[in-house]
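Subject: Structure handover

Hello,

Here is the structure I promised to pass on. Please open it first, then read the notes below.

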Amino acid sequence: YCADTVIQYPVVQGEDNTYYLNHLFDGQVNAGGCLFLDSRIRGDFTDPHSIIYGHHMKNGSMFSALDGYTEQAYYDTHPTFLLLTPEENYVVELFAGYIADAEEGAWSIEFADADDFAQWLEAAKDRSMFSSPVQPTFSDRILTLSTCSYEFPEARFVVLGILRPAEE
């Protein structure tokens, strides 16, 4: 959920990363699909890096609003997301947003060690199209929101944040 945007959808997880590209959470075929957690990730968001995918729909639905993070002013008014799960609720403190090629390491989930993960985080922050005071560390759990972008073939826009337990 992101305040003052259309992003307030359920997130599902499938056995692969293709089914929910064109199916709703109830199994109905739909070109818009639904937001889904990468199938390689534990469903409880305890991995160091979790990824949620969603379409960039021309009608402004799904993850189209992520485009706003190309501008500092948008980040300034939308610096966090909420992720509500049956086990725990989280505030997602955003620290980076950038355009990536689908073949890049933006979706890496395995890191050689803490230094490798810290370097990956720093590279994301360095590429960010907005400036954020949030400083991720290798001990943080990271959530990436990923959608299509149209600057070049196979372009994606990713927004990264730290998962923090929400205060009641």
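A residue is called buried here when its relative accessible area is under 20%, exposed when over 50%, and partly exposed in between (1.4 Å probe, protein chains only). Helices (H or I, at least four residues) and strands (E, at least two) are DSSP runs, numbered from the N terminus.

This is a predicted model, where local features need pLDDT of at least 70, side-chain atom pairs count only at pLDDT 80 or more, and totals for chains, interfaces and linings use all residues. Residues are numbered from 1 along each chain as its sequence is written, and side-chain values use heavy atoms, with hydrogens and water left out.

**The sheet**

Start with β3. Both of its faces are covered. H49, I51 and Y53 are buried on one side, S50 and I52 on the other. That puts 5 of the 5 residues of β3 in the buried class.

Two strands count as paired if DSSP finds at least two bridges between them.

Contact means heavy atoms within 4.5 Å.

**Strand by strand**

In general, strands of a sheet pair through backbone hydrogen bonds, either parallel or antiparallel. Here are the pairs to look at:

- β1 and β2 (residues 35-37) are parallel, over 3 bridges. V11 stands opposite L35 in β2.
- β2 and β3 run antiparallel, joined by 2 bridges. F36 has Y53 of β3 as its bridge partner.
- β3 and β6 run parallel, with 5 bridges. I52 is partnered by L145 in β6.
- β6 and β7 are antiparallel, over 7 bridges. I142 has I162 of β7 as its bridge partner.
- β5 and β7 are antiparallel, over 11 bridges.

β7 is mostly covered, with 8 of its 11 residues buried. The hairpin of β6 and β7 has 6 residues between the strands. Among its residues, E154 takes a positive phi near 65°.

**The pockets**

Grid points are joined across faces, edges and corners, and a volume is the space filled by probe spheres set on the points.

How many residues line the largest pocket? The count is 25, and V11, F45, I52, L83 and L84 lie nearest the centre. Its volume is about 360 Å³. β1, β2, β4 and β6 each give two or more residues to this lining. β4 gives the most, with 4 residues. By class, the lining has 19 nonpolar, 4 polar and 2 charged residues. Ala, Val, Leu, Ile, Met, Phe, Trp, Tyr, Cys and Pro count as nonpolar, Asp, Glu, Lys and Arg as charged, and the others, Gly among them, as polar.

The second largest pocket has a volume of about 250 Å³. Its lining includes N17, F36, Y53, W107 and R156. β6 supplies the largest share, 3 residues. The classes here are 6 nonpolar, 5 polar and 1 charged.

**Two single residues**

A166 sits in the segment after β7 (155-165). Its relative accessible area is 23%, so A166 is partly exposed. Leaving out residues up to four places away in sequence, A166 touches N89, Y90 and V91.

E104 lies in the loop between β5 and α2. At 30% relative accessibility, E104 is also partly exposed.

Best wishes

How values were computed: 1 Å grid on protein atoms, 1.4 Å probe; cavity = no way out; pocket = protein on both sides within 12 Å on 5 of 7 lines; lining within 4 Å.
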